Amino acid sequence: MLRTAKWRRGGAMLEVMFAILLLAIVGQAWILLLAQQDRVLGRARHHEDVVRACGARLEILAAMSSDSLRAMTGASRLGECDVVITPSTEHLVRVEMRDTTTHGVLLSTSLYIPSSHREGE
């Protein structure tokens, strides 16, 4: 009977140690998940800020005259994004805002500028 009591106490101790081990594993996984979520949200916020900044610069470009936009034809860096301006027709200019690191298109539009809005007329 004495030996059976020792085995029971040993079994109970083993169960407690196993439970503590499981809690440690689950806790570590939970902490890693939270850290990963924080990194992903940080990247998403940064990307959102870059797109907003590019949108503000696109509004500035939309207010420019056709001649000014044609003078900027080609690729150039404007703030946090690369701008590619390509004239399509006499009154239509294609503008693309690209990410400086991945060169992926963030914003793209075509600007129509009638001749009455052009400089010198």
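This is a short tour of a predicted model, moving from the sheet to the nonpolar core and then to a single glutamate.

Begin by selecting the strands, which form an open sheet of four in the order β1-β2-β3-β4, with antiparallel pairing. At the edges of this sheet lie β1 (74–78) and β4, each of which pairs on one side only. If you turn the view to compare neighbouring strands, you will be looking at an average angle of 20° between them, direction ignored.

Next, select β1 together with β2, two antiparallel strands that are joined by five bridges. Leu-78 can be picked out here, with Cys-81 in β2 as its bridge partner.

Now colour the largest nonpolar core, a group of 14 residues in which Cys-54, Leu-61, Leu-69, Val-83, Ile-85, Val-95 and Met-97 touch the most other members. At least two residues of this core come from each of α1 (2–63), β2 (81–87), β3 and β4 (105–112), and α1 gives the most, with four residues. Centre on Cys-54 and show its surroundings: beyond residues up to four places away in sequence, Cys-54 touches Cys-81, Met-97, Leu-106 and Leu-107.

Finally, move to strand β3 (residues 92–99) and select Glu-96. Is this residue, Glu-96, buried or exposed? Glu-96 counts as buried because its relative accessible area is 13%, and the cut-off for that class is under 20%. Show the side chains of Glu-96 and Arg-98, and a polar contact of 2.5 Å can be drawn between them. Apart from neighbours within four places in sequence, the residues in contact with Glu-96 are Asp-82, Val-83, Val-84, Val-105, Leu-107 and Ser-108.

Definitions and conventions. Residues numbered from 1 in each chain as written. Predicted model: local features only at pLDDT ≥ 70, side-chain atom pairs only at ≥ 80, totals over all residues. Heavy atoms only, no water. Buried < 20%, exposed > 50% of the residue type's maximum accessible area, 1.4 Å probe, protein only. Polar contact = N/O pair within 3.5 Å; in protein donor to acceptor, adjacent residues only side chain to side chain. Contact = heavy atoms within 4.5 Å. Core = buried A, V, L, I, M, F, W, Y, C linked by side-chain atoms within 4.5 Å. Pairing = 2+ DSSP bridges. Axes fitted to C-alpha atoms, helices over the stretch in contact; angles between N-to-C directions.
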